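Trainee: Could you walk me through how the chains in this one meet? I'd like to take it step by step.

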Protein chains: 2
Amino acid sequence: VKIILADSAGFCFGVKRATQLAFEAAAINPNICSLGPIIHSPQVVKALEEKGVKVVDKVEDIQTREVIIRSHGITAEELDHIHSRNLNIVDATCPFVKKAQDYATLLCSEGYSVVLVGEKDHPEVQGIISYTRGETVYVVADSTEAQRLPSKTKIGIVAQTTQSFENLVQVANVCLEKSKEVRVFNTICDATSVRQEEAREIACEVDLMLVVGGFNSANTTRLAQICKDIQNRTYHVETADQIDPRWFAGVETVGITAGASTPRWIIDEVVDCVKRMGDK
Amino acid sequence: VKIILADSAGFCFGVKRATQLAFEAAAINPNICSLGPIIHSPQVVKALEEKGVKVVDKVEDIQTREVIIRSHGITAEELDHIHSRNLNIVDATCPFVKKAQDYATLLCSEGYSVVLVGEKDHPEVQGIISYTRGETVYVVADSTEAQRLPSKTKIGIVAQTTQSFENLVQVANVCLEKSKEVRVFNTICDATSVRQEEAREIACEVDLMLVVGGFNSANTTRLAQICKDIQNRTYHVETADQIDPRWFAGVETVGITAGASTPRWIIDEVVDCVKRMGDK
């Protein structure tokens with residue numbers, strides 16, 4: 001079987017940075033925790049746990065003196081709470097997520113009605129909203145939801161860093177119908193669009209497409225959706241052991257890509273597994 | 001013959017205001033001139049000339065103590081020149097054009113690369129550019145021209161007031177590919193889009209479409225183009241005497257609309273003429 005592995009598969013800048021910071025912090029002080037999973041990869045989180053990094057859900061549950069802030073950020077309230085408890089912080093927030101937080105805050109302070117293109121329940125989105133300190137932020141998943149927005153004097157737009165550029169553009173277009181001034185900060189991380197574009201190209205050329213990454217990873221799920229729209233034989237797997245040998249019937253070429261939070265070792269295992277199964 | 005006359009045909013707010021101001025000013029002081037034609041209607045300009053309003057092309061040609069500034073504005077240099085000559089001003093600049101001038105200036109002062117959606121040679125566009133006082137303004141007619149823009153840190157967009165909304169949106173979309181921050185001031189006058197939308201609807205329903213207005217009127221020319229794309233039997237006429245009886249062969253329904261600078265009396269003459277010819 002022929003394998004096409006995406007160059008852009010796996011860790012993005014922010015995830016790589018967060019993971020490194022966490023492993024380094026744990027090496028110095030194994031009595032440390034992270035508020036929520038550092039990245040959306042259960043396998044990486046498990047590996048960190050083995051080094052001492054406990055995952056806690058709430059600030060009040062923190063029992064260590066040091067806490068790692070996960071790659072997709074935390075809310076302003078959580079940060080306040082951490083500060084009030086005088087805990088040491090290892091800030092692994094992705095610099096691009098931080099930018100989105102800053103721009104949302106800036107837009108609010110300049111009187112814009114803020115529209116955030118993203119998934120309501122994603123922690124990154126929850127974080128971005130929180131930094132506007134109580135101002136209304138309209139979270140819209142797509143242009144259909146944007147259509148329901150009221151008309152506004154001026155609209156400011158930011159995006160969850162893992163959104164697709166097309167979706168941002170479509171929401172911006174709808175906002176132009178809602179307001180005489182629209183200011184867009186394209187806070188989408190290039191890594192996401194590059195990965196999506198490469199995935200599209202590969203999906204067009206193969207008989208079977210595998211997308212590797214956490215089932216709780218929004219960007220991996222979207223990547224799988226993009227591939228599925230092109231190549232119906234697309235499977236989203238978290239690890240190699242989820243690959244079914246029956247998928248390879250009549251398959252000559254297999255494409256593989258992986259989400260931003262998928263570590264190299266898992267991608268390698270998938271490649272090895274495909275080699276074994278595909279050549280049978 | 002059945003006639004469908006657009007409700008939105010003819011004078012917009014700014015043109016009505018400018019024409020009124022000019023006739024009023026001429027009634028008080030018939031020794032007055034206008035810098036360029038007040039509006040893009042040769043017939044209105046002629047009627048004003050009969051009241052004493054002379055049209056001059058350059059500030060140095062002004063031989064009166066009072067000058068009317070035309071609806072689509074003048075350049076900053078011309079305004080400076082008028083001030084330096086200590087002339088009285090009747091400012092008939094459309095308030096919406098003034099807004100476009102102000103927003104372009106604001107965007108420049110805040111460090112945006114300014115993209116102006118419009119026709120390079122139109123006096124309104126020349127005026128808007130001039131108020132940015134030497135800063136580069138990229139004038140683009142459409143998204144194809146916008147594609148040639150270089151990448152920029154932040155792009156600010158304004159539009160000639162008579163542009164189509166779709167064109168503005170398409171240019172904005174291209175600019176989103178060119179810059180991480182795009183700030184759009186939709187300076188398009190609603191009257192234009194309302195008129196265009198109504199023209200589209202009427203053009204769909206008729207056998208013959210007449211668009212009335214100055215051949216030097218950009219918005220009339222665009223209106224005719226929009227109708228022509230829908231109904232091939234579309235004719236742009238300036239006055240009733242340009243209507244050809246042969247156009248009515250086999251025609252049951254005639255649509256009529258008119259540009260923003262077309263006075264009521266010319267529209268009425270066209271309607272009368274169509275009634276006569278269409279019923280033969």
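Trainee: Which surface do the copies meet through?
Mentor: Keep in mind that this is a predicted model. Compare the two sides: 100% of the interface residues of chain A are also interface residues in chain B. So the copies meet through the same surface.

Trainee: How many residues does the contact take from chain A and from chain B, and which residues of chain A lose the most area to chain B?
Mentor: The contact takes 16 residues from chain A and 16 residues from chain B. Between them, the chains bury about 1500 Å², with 51% of that on carbon and sulfur atoms. On the chain A side, 37% of what is buried comes from the three residues that lose the most area, namely Leu176(A), Lys180(A) and Asn186(A).

Trainee: What kind of axis relates the two copies?
Mentor: Superposing chain A on chain B takes a rotation of 180° with 0.0 Å of shift along the axis, at an RMSD of 0.1 Å. The copies are thus related as by a two-fold rotation axis. In chain A, the C-alpha nearest that axis sits 2.0 Å from it, and belongs to Arg183(A).

Trainee: How do the strands β9(A) and β9 of chain B run, and how many bridges join them?
Mentor: One place to look is Val184(A), which stands opposite Val182(B) in β9(B). The strand on the chain B side covers residues 181-185, and the two run antiparallel, joined by five bridges.

Trainee: How many salt bridges are there across the interface of chain A and chain B?
Mentor: Over all chains, the structure holds 20 salt bridges. One that involves both chains pairs the side chains of Arg183(B) and Glu181(A), at 2.7 Å from N to O. Across the interface of chain A and chain B, the count is four.

Trainee: Why does the pair of Asp190(A) and Lys180(B) join two chains?
Mentor: Their side chains meet in a salt bridge at 3.3 Å, N to O. Asp190(A) lies in helix α8 (residues 190-205) of chain A, while Lys180(B) is in the loop between α7 (165-178) and β9 of chain B, so the pair joins two chains.

Trainee: And how many residue pairs are in polar contact across the interface, and how does the side of chain A that touches chain B divide?
Mentor: There are twelve residue pairs in polar contact across it, both residues at pLDDT 80 or more. On the chain A side, α7 (165-178) and β9 (179-185) each supply at least two of the residues that touch chain B. That side divides into nine nonpolar, two polar and five charged residues.

Definitions and conventions:
Residues are numbered from 1 along each chain as its sequence is written. Chains are lettered from A and ligands numbered from 1 in the order in which they are written. This is a predicted model: local features need pLDDT of at least 70, side-chain atom pairs count only at pLDDT 80 or more; totals for chains, interfaces and linings use all residues. Side-chain values use heavy atoms; hydrogens and water are left out. Copies are superposed by least squares on the C-alpha atoms of residues with pLDDT of at least 70 in both. Contact means heavy atoms within 4.5 Å. Buried area is the accessible area (1.4 Å probe) that two parts lose on being put together, summed over both. A polar contact is a pair of N or O atoms within 3.5 Å; within protein, one must be able to donate a hydrogen and the other to accept it, and residues adjacent in sequence count only if both atoms are side-chain atoms. Helices (H or I, at least four residues) and strands (E, at least two) are DSSP runs, numbered from the N terminus. Ala, Val, Leu, Ile, Met, Phe, Trp, Tyr, Cys and Pro count as nonpolar, Asp, Glu, Lys and Arg as charged, and the others, Gly among them, as polar. Two strands pair if DSSP finds at least two bridges between them.
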